[in-house]
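Hi,

Here is the structure I promised to pass on.

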Amino acid sequence: MAITDVVVPQLSESVSEATLLTWKKKPGEAVQADEILIEVETDKVVLEVPAPTSGVLSEIVKGDGSMVTSGEILARIDTDGKGAAAPAAAASAPAAASAPAAAPVAAAASASAAGIASPAASKILADKGVSAASVAGTGRDGRITKGDALGASVASAAPAAAPKVALANPTVPMTQSLDGRPEQRVPMSRLRARVAERLLQSQQDNAILTTFNEVNMQGVIDLRNLYKDKFEKEHGVKLGFMSFFVKAAVAALKRYPILNASVDGKDIIYHGYFDIGIAVGSPRGLVVPILRNADQLTIAEIEKTIADFGKRASEGKLGIEEMTGGTFSISNGGVFGSMLSTPIINPPQAAILGVHATKERAVVEKGQIVIRPINYLAMSYDHRIIDGREAVLGLVAMKEALEDPQRMLLEI
């Protein structure tokens, strides 16, 4: 018998341990090489663990929910084994199933009268407000007699079914609180717990302020409508709005480098590159993959990368290295309909841009009330190193770039 170990993949230096999710195979089942056996959740990403070879899963060493580290043995595969097909059991199944086939018919016949009340019993139950289905009949075949109806009461009726509640986690049962109402207690995932820890740390360690401005998106909308069909045909990706926000952010960061800086103890680190974190929602929580060297990317490259981030975030396939670093972040609550928010800085970064839903609003231009597509921008910044002047001027620079996108794209 040849045995091959299934081990935890190499985790990053900043991740000391991970949590096993749910095994997709049971001991004795056949597996194919590269078939995903289980997922390992760290505080940053979810990693898939494939079978290193084909064979039979002979042993699971670490069960669901176990804490593991890099290189630790999770299971063993017998490369000489064959999956348990159990043909004998399968062959006997039809006979076993056919034998008692008559029993359910008889049971159905005997139960056909259950819950049926006689006319006199029906009237009594209606007067009492008691459902016949909640009364156990003592008559023939379970019929409800007049005596059953007289003895029935609302209190003795079967309790009403609990209202259906959407379960946050179908594998965790619903329980009752002290006052008898339904509750579900679900442990935080490692990713959610890490997000909570970092956000709390951000608010504790940074002097966060937020400045706001509004931007007329008509220029971007007109440019997009003019070229979106040709753009998609040429590049194979839709022309969205996020690429314009990324370009506007880079333009402002070049003019005000402190917005692209970070804090390290009592030092300020000015970055000579522009790695923009794009906040993306996933089934397991918020993740922020990094758009590396955003200043060197074309609109098409930005759109393709962001689309890829969104797809792989929903599948839990983003790598740890893709979410490490970053000099500035953009959070787009507008895709969910948010009108205004105060985004939280992603440490050690010093600033973050919040983008919101673009809506037609009444604004005043040259003394006239006109309708314009307006987006409210919010930029939170660390007041320890960024003064209000730089923050406000930086956001104004983003506004100006978005309101004149041709100049922004031409870098003039």
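Asp-34 gives a second example of a positive phi in a residue other than glycine, near 75°. You'll find Asp-34 in the loop between β3 and β4 (36-41), and with a relative accessible area of 62% it is exposed too.

Do remember that this is a predicted model. The average pLDDT is 82, and 82% of the residues score at least 70.

Now the overall picture. The protein has 412 residues, of which 37% count as buried, and its secondary structure comes to 10 helices and 21 strands. Of the contacts with a separation of 6 or more, 62% are between residues 24 or more positions apart. The accessible surface is about 22,900 Å², and carbon and sulfur atoms hold 56% of that.

One sheet to look at is an open one of 4 strands, ordered β1-β8-β6-β3 with antiparallel pairing. Its edges are β1 (3-7) and β3 (30-31), each of which pairs on one side only. Between β3 and β6 (residues 55-60) there are 2 bridges, and Val-31 has Gly-55 as its bridge partner in β6.

What about the inside? Nonpolar side chains tend to be buried together in soluble globular proteins. Here the largest nonpolar core has 78 residues, and those touching the most other members are Ile-276, Ile-278, Leu-291, Phe-328, Ile-330 and Ile-386. Helix α7 (residues 242-255) gives the most to this core, with 9 residues. If you click on Ile-278, you'll see contacts beyond its sequence neighbours that include Met-242, Val-246, Leu-291 and Ile-330. Apart from this core lies another, of 7 residues, among them Ile-124, Val-135, Ala-149 and Ala-152.

Ile-124 also turns up in another pairing: its C-alpha is 6.8 Å from that of Leu-150, although the two are 26 residues apart in sequence. Leu-150 belongs to helix α4 (residues 146-151) and is exposed, at 51% relative accessible area.

Last stop: which backbone oxygen does the side chain of Ser-202 reach? The one of Ile-345, at 2.7 Å. Ser-202 lies in helix α5 (residues 190-205) and, at 1% relative accessibility, counts as buried. Leaving out residues up to four places away, Ser-202 touches Ile-208, Ile-344, Ile-345 and Pro-347. Pro-348 itself is in the loop between β18 (328-332) and β19 (351-355).

Cheers

Methods. Residues are numbered from 1 along each chain as its sequence is written. This is a predicted model: local features need pLDDT of at least 70, side-chain atom pairs count only at pLDDT 80 or more; totals for chains, interfaces and linings use all residues. Side-chain values use heavy atoms; hydrogens and water are left out. pLDDT is the predictor's confidence in each residue, from 0 to 100. Buried means under 20% relative accessible area, exposed over 50%, partly exposed in between (1.4 Å probe, protein chains only). A polar contact is a pair of N or O atoms within 3.5 Å; within protein, one must be able to donate a hydrogen and the other to accept it, and residues adjacent in sequence count only if both atoms are side-chain atoms. Contact means heavy atoms within 4.5 Å. Accessible areas come from the Shrake-Rupley method with a 1.4 Å probe; for residues, only the protein chains shown count as cover. Two strands pair if DSSP finds at least two bridges between them. A nonpolar core is a set of buried Ala, Val, Leu, Ile, Met, Phe, Trp, Tyr and Cys residues joined through side-chain atoms within 4.5 Å.
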